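Open your viewer and have the selection tool ready. We will go from stop to stop, selecting a few residues each time.

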Amino acid sequence: MSLSAKANDTGMEPGSETLSGMYDNVEAYYSARVAKHGATPLGVDWSCQATQSFRFVQLMRICDFSAPFSLNDIGCGYGALCAFLAMRYPESRIDYLGVDLSRAMISRARRRFQSPDRRFAVGKAGPRVADYAVASGIMNVNVGYSRAVWEDFVATMLRDMRCTSRRGFSVNFVAETAVARTSAGSDAASLYRTNPEPWVRYCEQELGCAVETIDNYGMREFTLLVRCG
Amino acid sequence: MGRVIQDSTTLDVLSKLNRRFGPDDIAEMVHLQKEFQIFSSDRLLEDSFKLLGIVPCDRLERERWFKFLGKLKDYESDLPDVNGYNRVILAFEQALTVTPHIPPRPALPVFVDVHAMAKDPRVTFSLEGTPLIFSVQPYRILSIPTKPGRVAREEAADAAKERRAEKSKK
């Protein structure tokens, strides 16, 4: 894997041609999904609401709900996390900002959930520093890029999340052993699968964080809870 | 199934059910059940299947599928005083609830099957069997009575004819 070569050494700086092209392709992929399936789990490549929500359960473990906090949702899609938060944590005060590359997704998210503490922005990374960031499924579909190039993209995304999270962030990956049915719409070849170890190491050594791996929730994937500072 | 939804939809739904509750995915389903109580007496069966995305893609067929699920309330089951609708809920609830055991016993997958209503009009659930002749994998087996759509339509037409004849006699 190309983790030894840091993202900055491979031309993967924000604004670089490769990175820009990747963002365009990811944006096109998800805009096509939501155009086909609407604001539904299938529209963001999950098989159903139950598995989508179960991923949120794991990701939100990073947050301390005993006090109000701010949250960046990277690759927020149509804002499904808002519905989950309303159902699961109705009493919690969460200053939420959903960010997505796809204008079509953000448009649907705004229509459904926009409110003073539920805001959305089109973009590549969190435009603000928040207490926490979460990202569900954004590392999974490699839209045809090679493993090495995609891993540089993943590293870039993790670094962005680190830079914009005061307390921590969480992210999930398809596990290496998985068969190709984790994402509902993507085929086997386009799925990026990995083991926790290299990304745990990356977050610990390159980003200076403490990492907890959750991989025992019955899905062929794992979630990293990355604590900063 | 049968008269209510198209044969192709029946096959599609059975395929979805047997994939989600099959050997590869049953552990995921057990965790989902534990977290969300997807199958429970507090939740409509229609909502359980919506949550799991086990619904036909076509909107009209989806409505018919929900209609079919509702009709299961008129079916009998292999449990006394439990209708077919509640039997399906109980069966999945039971299949996806793992009781502590040493050594741990993984949940068995669930095979969702259909059988001829003429032979047994009840929704049935058996705790263990090997429904696939090409596999020794044990399953729990949930079976729904059905009859071919054409037979059901002919029976309905005959019944209507009889009613009309009775009416004209009077």
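## Stop 1: chain A as a whole

From the N terminus on, the elements of chain A run α-α-β-α-β-α-β-β-α-β-β-α-β-β. That is 6 helices and 8 strands; here helices (H or I, at least four residues) and strands (E, at least two) are DSSP runs, numbered from the N terminus. Please keep in mind that this is a predicted model, in which local features need pLDDT of at least 70 and side-chain atom pairs count only at pLDDT 80 or more, while totals for chains, interfaces and linings use all residues. For your selections, residues are numbered from 1 along each chain as its sequence is written, and chains are lettered from A and ligands numbered from 1 in the order in which they are written.

Colour chain A by burial: of its 229 residues, 46% are buried. A residue counts as buried if 20 or more other C-beta atoms lie within 10 Å of its own, as exposed if 12 or fewer do, and as partly exposed in between, with C-beta atoms placed from the backbone. Contacts, meaning pairs whose C-beta atoms, placed from the backbone, lie within 7 Å, can be sorted by sequence separation. In chain A, residues 24 or more positions apart account for 71% of the contacts with a separation of 6 or more.

## Stop 2

Select residues 94-100 and 118-122 of chain A, which are strand 2 and strand 3; they pair in the parallel sense over 5 bridges. Two strands pair if DSSP finds at least two bridges between them. Which residue of strand 3 is the bridge partner of A:Gly98? That partner is A:Phe120.

## Stop 3: loops of chain A

Most residues other than glycine have a negative phi, and most peptide bonds are trans. Select A:Asp45, whose phi is positive, about 80°, although this residue is not a glycine. A:Asp45 sits in the loop between helix 1 (17-37) and helix 2 of chain A. Is A:Asp45 buried or exposed? A:Asp45 is buried, because 22 other C-beta atoms lie within 10 Å.

Go on to A:Val143, another residue other than glycine with a positive phi, here near 40°. The loop that holds A:Val143 lies between strand 4 (130-135) and helix 5 (147-163) of chain A. A:Val143 has 18 C-beta neighbours inside 10 Å, so this residue counts as partly exposed.

Then pick A:Gly208, in the loop between helix 6 (196-206) and strand 7 (210-214) of chain A. A:Gly208 is exposed, with 10 other C-beta atoms within 10 Å.

## Stop 4: chain B and its sheet

Switch to chain B, which has 6 helices and 4 strands in the pattern α-α-α-α-β-α-β-β-β-α along the sequence. Its C-alpha atoms fill a box of roughly 70 × 35 × 30 Å, taken along the principal axes. Of its 170 residues, 31% count as buried.

Show the strands of chain B: an open sheet of 4 strands has the order 1-3-4-2, with mixed pairing. Strand 1 (76-77) and strand 2 (110-116) are the edge strands, each pairing on one side only. Select residues 122-129 and 139-146 of chain B to see strand 3 and strand 4 pair in the antiparallel sense over 4 bridges. Here B:Gly129 stands opposite B:Tyr139 of strand 4.

In the loop between helix 5 and strand 2 of chain B, find B:Pro103. The peptide bond joining B:Ile102 and B:Pro103 is cis, with omega about -10°.

## Stop 5: where the chains meet

Finally, show both chains: 11 residues of chain A are in contact with 12 residues of chain B. By class, the chain A side has 8 nonpolar, 3 polar and no charged residues. Ala, Val, Leu, Ile, Met, Phe, Trp, Tyr, Cys and Pro count as nonpolar, Asp, Glu, Lys and Arg as charged, and the others, Gly among them, as polar.

Notes: Contact = placed C-beta atoms within 7 Å.
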